[in-house]
Amino acid sequence: MGTLIVIGLLGGLITGISPCILPMLPAVFFAGGVQGARDRTGGEGRTSLRPYIVIAGLVLSFSFFTLLGSLLLSVLGLPQDLLRWAGITLLVLLGIGMIVPRFEMVLERPFQRVAAFGAERGAARQDRGAFILGLGLGVLYVPCAGPVLAAITVAGATGNIGVGTVALTVSFAVGAALPLLLFALAGRRIAERVQAFQRHTKAIRTGGGIVVILLAIALAFNVPAAIQRLLPDYTGALQQRIDSSETVREALDLGGLVTDENRELSNCSNGAPVLEDCGTAPEIRGIDRWLNTPDGKALQLEAMRGQVVLVDFWTYSCINCQRSIPHISAWYEKYADVGKGFEVIGVHTPEFAFERETRNVVAGAKDLGVTYPIAQDNSYATWTAYRNRYWPAQYLIDADGTVRHIRLGEGGYQRTENLIRELLADTNPGVELPGATTVQDATPLDEITPETYFSIKRVINYSGEPRYAAGRQEFTLAVEQEQDTFSLGGTWDVDFEGAEAVSDDARVRLAYRSADVFVVLGGEGTVRATVTADGEEQTRDIDVSGNPRLYPILEGDEPTEGLVELRVPDGVQVFTMTFG
């Protein structure tokens, strides 16, 4: 339980400082913070609890409706986007109430005890509408996708709700709300200290009401989502650390339900640069409705043998998915008519209740330019069959129906496209492939180079020649090493543990970004490490002996970008390189 709470708080905090929080900030600042400022013009003023009440309402509504909203609406036979439109309506009414105080008094009457709790009467008047504002924001808050939110969403959608799920949900909501609380408190503090706020309280209140109404209108037309697509996700590196943690995966049960049908999917490593054999692809099943197919006809993978197929799990309001879709659409347009054909199936598995409504999916797909077939997986049947836990996630299937590549999360588009082209060439020998797509990769870059594996099972950032495959072969160093990738030179024996040098001219070359660089080595011999950064070169000899362990290559005071080259003697093994 304690682990789940910590994971929820961390996941929420990362979300709370991400671009996904930006649409909420103006309303929280003005309506949650500034409006709660003490009025010093007529006396000492009273301490307002408004920022805390707003955030309490947000945490309550987000937690409750994320877990139970979809189930309640289904039981009552109500539209799945009812909550979203109710939240938007609530914000409009509250904005009007901030402009017309008498109306706000009527609106707040059912919740006046919440506003008055623990506060004197003067402060309670300032806190009118605070709890309603929090309730509305909580219903409308759409955080960025991640493993924590995925676990919460799947539990709520499938009814698998226990004490641990509730604890995870509440802790996530609290973590995401804490930065908003700080922002509201900052608004209150500024309003109390700046005389202009004190002299123009009515105008500030009216302005806050207008901001809330504008937020509601923007949310109704999905304007924040369009803006977020243009912004860099500066929290991408932090989110990746959560995603890649084995502790998090085990605690959230991110391995999915294992069956005979999907057991071999674990043979695939995330984002591998080479084709792998991950078993027969599970069938697309339990689909509520098909979109972008003739007369809404269902597609079956078994009937698509002979074609290369990409199954993409997505949802239209997920900013991570929105950044990946231009790449997938470009592949569909480029390769659909090549040889025997290339097909994309977008499995739309909703994060939130409003994403279950077909009309919303149609509008979202149109907005994003999705023309390939879409399968509405509202029951999570296909999601479960693939043991999936990520938005977005791509599963590349060859002409024989075998999964050959899996990519979880954003990025890796060039590698995925290279593998699509390889499968198309394998399926249609001699086929003339068009040039590769040129969509710019908007994936947030890591702050530092990700951990680099030399195991054939886990390698994700190899960019040399030839293909990285098990067995003994001659490698050639990359002339220009791409950022955060490595290449090998000389003869190496590669297996599921790492890579062993079998010649005296064996080399490792890696373009890094970090302050510290470490390598796990095994065997016996002296490895010469050369680091080139900012025009300067440092050389270190590493005496390797005993059991495999971590050896330092570079220990700096601040991050640098450069090139690491290891000269590895015959018989020494390289397992991983880590950065910090």
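Modeller: Start with the patch of negative charge on the surface, where D534, E536, D557, E558 and E561 gather. Keep in mind that this is a predicted model. Which strand gives the patch its largest share? Strand β14, residues 549-568, does, with three residues.

Now the cysteines. How many disulfides are there? The count comes to one. The bond is made by C268 and C278, with their sulfur atoms 1.6 Å apart. The link of C268 and C278 is right-handed, with 85° about the S-S bond. Both C268 and C278 sit in the loop between α15 (246-251) and β1 (289-291), so the pair ties together parts that are 10 residues apart in sequence. C268 is buried, and C278 is buried too.

C318 is in no disulfide, and its nearest cysteine sulfur, that of C321, is 3.0 Å away. The cut-off is within 2.5 Å. Are these two cysteines buried or exposed? C318 has 1% relative accessibility, so C318 counts as buried. C321 has 0%, so C321 counts as buried as well.

On to the charged pairs. Side chains of opposite charge can pair when their charged atoms come close. The structure holds 11 salt bridges.

Take R467 and E422. Their side chains meet in a salt bridge, 3.0 Å from N to O. R467 lies in the loop between β7 (452-453) and β8 (471-475), and E422 lies in helix α19 (residues 413-427), so this pair ties together parts that are 45 residues apart in sequence. R467 counts as partly exposed because its relative accessibility is 48%. E422 is partly exposed too, with a relative accessible area of 21%. Buried would mean under 20%.

Now turn to D484 and R513. They form a salt bridge, and the closest N and O atoms are 2.6 Å apart. Distant parts of the chain are linked here: D484 is in the loop between β8 and β9 (486-494), R513 is in strand β11 (residues 506-522), and the two are 29 residues apart. Are they buried or exposed? D484 is buried, and R513 is buried as well.

Then look at D541 and R528. Their side chains meet in a salt bridge, 2.8 Å from N to O. D541 lies in strand β13 (residues 536-544) and R528 in strand β12 (residues 525-533), so the pair ties together parts that are 13 residues apart in sequence. D541 counts as partly exposed because its relative accessibility is 44%. R528, at 42%, also counts as partly exposed.

Last, the buried pieces. Helix α8 (residues 130-140) is mostly covered, with 11 of its 11 residues buried. Among the buried residues of α8 are A130, F131, I132, G134, G136, V139 and L140.

Two single residues also deserve a look. Where is L310? This leucine has its place in strand β2 (residues 308-314). Its relative accessibility is 0%, so L310 counts as buried. Follow the chain on to I420, 110 residues apart from L310, and the C-alpha atoms of the two are separated by 8.6 Å.

S324 is the other one. Its place is in helix α16 (residues 319-335). S324 is buried, with a relative accessible area of 1%. P392 is 68 residues apart from S324 along the chain, and their C-alpha atoms are separated by 7.5 Å.

Note on methods: Residues numbered from 1 in each chain as written. Predicted model: local features only at pLDDT ≥ 70, side-chain atom pairs only at ≥ 80, totals over all residues. Heavy atoms only, no water. Patch = residues over 30% accessible without salt bridge, like charges linked within 9 Å, V, L, I, M, F, W, Y side chains within 5 Å. Areas by Shrake-Rupley, 256 points an atom, 1.4 Å probe, with all protein chains shown as cover. Salt bridge = Lys/Arg side-chain N within 4 Å of Asp/Glu carboxyl O. Lys, Arg positive; Asp, Glu negative; His and termini not counted. Charge placed at Lys NZ, Arg CZ, Asp CG, Glu CD. Helix = DSSP H or I, 4+ residues; strand = E, 2+ residues; numbered from the N terminus. Buried < 20%, exposed > 50% of the residue type's maximum accessible area, 1.4 Å probe, protein only.
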